[in-house]
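Hi everyone, thanks for making time today. Let me put the structure up on the screen, and then we can walk through it together.

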Amino acid sequence: MARNDARPVITLRSTAGTGQSYVTRKSRRNNPDRLVLRKYDPAAGQHVLFREER
């Protein structure tokens with residue numbers, strides 16, 4: 001059983017194709033769509049978009 005179904009753990013994968021990922025939590029109630037954040041990708045050496053994986 002998940003710790004909290006309203007705030008699941010999600011994986012953010014880099015759109016640069018480097019395989020870099022971040023792990024975070026999000027609120028399903030406030031953000032039902034897939035999360036997209038601009039974060040630093042150390043393999044690419046720059047900030048890129050990271051999209052939520054399911």
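Predicted model: local features only at pLDDT ≥ 70, side-chain atom pairs only at ≥ 80, totals over all residues.

Strands β1 and β2 run antiparallel and are joined by 5 bridges. Here, two strands pair if DSSP finds at least two bridges between them, and strands are DSSP runs of E, at least two residues, numbered from the N terminus.

Residues are numbered from 1 along each chain as its sequence is written, and side-chain values use heavy atoms, with hydrogens and water left out.

On to the other partner of β1. Residues 9-14 form β1, residues 46-53 form β4, and the two pair in the antiparallel sense over 4 bridges. In that pairing, Thr-11 has Glu-53 of β4 as its bridge partner.

So what is the order of the strands in the open sheet? With 4 strands and antiparallel pairing, the order is β2-β1-β4-β3. That leaves β2 (21-25) and β3 (36-41) as the edge strands, each pairing on one side only. From one strand to the next, the twist averages 40 degrees, with axes being lines fitted to C-alpha atoms and angles running from 0 to 180 degrees between N-to-C directions.

Buried means under 20% relative accessible area, exposed over 50%, and partly exposed in between, with a 1.4 Å probe and protein chains only.

Finally, the charges. How many salt bridges are there? The count comes to 2, taking a side-chain nitrogen of Lys or Arg within 4 Å of a carboxyl oxygen of Asp or Glu. Arg-13 and Glu-53 meet in one of them, at 3.1 Å, N to O. Arg-13 sits in β1 and Glu-53 in β4, so this pair ties together parts 40 residues apart in sequence. Arg-13 is partly exposed at 30%, and Glu-53 is partly exposed at 36%.

Glu-52 and Lys-26 also meet in a salt bridge, at 2.9 Å, N to O. Glu-52 is in β4 and Lys-26 in the loop between β2 and β3, so the pair ties together parts 26 residues apart in sequence. Here Glu-52 is buried at 6%, and Lys-26 is buried at 5%.
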